[in-house]
Amino acid sequence: MESVLKVGLVGAGEVAQTIVLPNLRLLSHRFKVEAICDISENAIDHVSAKFNIDKKYRKYQDMLADNDVEAVMVLAADEFHAQIAIDALEARKAVFIEKPMALSVQSADAIIDARNRTNGVVFVGYQRRYAEAFNQAVEIVRSMDKISYARVRDIIGPNSIFVGQSGTYPQKFSDFSPEATEEMRLRSKQIAQEALGTSDTSSKAYGLYRLLGSLGSHDLSAMREILGGIPKRVLGVSNTAPTNAGGFLTALFDYGDFVATYETGVDEVGLFDAHIEVYGGGKRVRVEYDTPYVKGLPIKLVIGETIDGAYVERVIRPTYEDAYTIEYNAFYDAIRHGKPIKTTAEDAKQDLAIFKMLTDAFAQHT
């Protein structure tokens, strides 16, 4: 029998209620949620009752002092990810951080420094990269003699559409103290200053940057892995500024021997249209994603090629095991068995370089 890993969650919002807690409950042979923390007392009361969590904390520092908590899962607002992770590492807890790990290079470097000083574990949550369909696609692309073209697309409807049909019945709460609201505002301004050189959080550039940090980090992280790293430059970018609330971004990346298009945005249509497609080696290799808010939807690998003069298309679902289950098992194995982590802090920091490329290119076109 394997020993159960006792985890504490910082953040009791939508992601925790619809994705993290249901999946951890199904992995009860490996995980026990020992404690929950949130700045909303109503949220932790609701979540602790619904998921039978005994310990409730309003301040994450108090949870870090709990000796029964071995690992911390950081699910709080993005502005707080870095500081919570650093404090958890200092408290000798293993850390799982939902993407984005950090929103500035300074914060990313501080996390890496804390991990190195404490010899700790930092695992960044890019669940799309743990899908078996994606891993098989990476192997195929790496075997190609050359890549001719690539496309990265992530255009989705409002998450509320998918969450409302997930069967998880999450609740939202707004009992935040004025002090917490002010701290959020100040942290947002600090991030804007560090990342963009201005503390103006009302600018179009900041809205774009935050979209890249939320929706975009899924795509750009996966793009880096399947295409072999960071693009050389941005060849072009659309002159509209999408935000978390809507709008679209189209960009063209230069990878030297080929280009990759990137399309992302949020509209009002209840369709989750996300895929990565690579052309080369006589094949078209595409990974198709559906919303993560509904458990068990297929992540498919589609391979198109010409065989004996005929176009042949194969649609492959390598496993019924969902990406979050695979990802959480990898987190467990990293802690209990010392297995290597592919979504490391250093890996996550590379996303920030692409965010900067895109926001710089956008500034030049506006």
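Which residue forms a salt bridge with arginine 128? The partner is aspartate 219, and the closest N and O atoms of the two are 2.9 Å apart. A salt bridge here is a side-chain nitrogen of Lys or Arg within 4 Å of a carboxyl oxygen of Asp or Glu.

Before going further, a word on the model. It is predicted, so local features need pLDDT of at least 70 and side-chain atom pairs count only at pLDDT 80 or more, while totals for chains, interfaces and linings use all residues. Residues are numbered from 1 along each chain as its sequence is written, and side-chain values use heavy atoms, with hydrogens and water left out.

**Two domains**

The chain is assigned domain 1 (5–128 + 327–342) and domain 2 (129–321 + 349–364); such bounds come from an automatic or database domain assignment. Their C-alpha centres lie 23 Å apart. The UniProt annotation "domain: Gfo/Idh/MocA-like oxidoreductase N-terminal", from an unreviewed entry, covers residues 5–126; UniProt annotations may be inferred rather than shown by experiment. That span is 43% helix and 24% strand, where helices (H or I, at least four residues) and strands (E, at least two) are DSSP runs numbered from the N terminus.

**Where they meet**

| Item | Value |
|---|---|
| Area buried between domain 1 and domain 2 | about 3,900 Å² |
| Salt bridges between domain 1 and domain 2 | seven salt bridges |

Contact means heavy atoms within 4.5 Å, and buried area is the accessible area (1.4 Å probe) that two parts lose on being put together, summed over both. Of the buried area, 56% is on carbon and sulfur atoms.

**Other details to look for**

The structure holds 36 salt bridges. In one of them, aspartate 45 pairs with lysine 56, with the closest N and O atoms 2.8 Å apart. Aspartate 45 lies in helix α2 and lysine 56 in strand β3 (residues 55–57), so the pair ties together parts that are 11 residues apart in sequence.

Two backbone features are also worth a look. The peptide bond from lysine 99 to proline 100 is cis, with omega near -5°, and proline 100 sits in the loop between β5 (94–98) and α5. Arginine 92, in the loop between α4 (81–90) and β5, has a positive phi near 65° and is a residue other than glycine.
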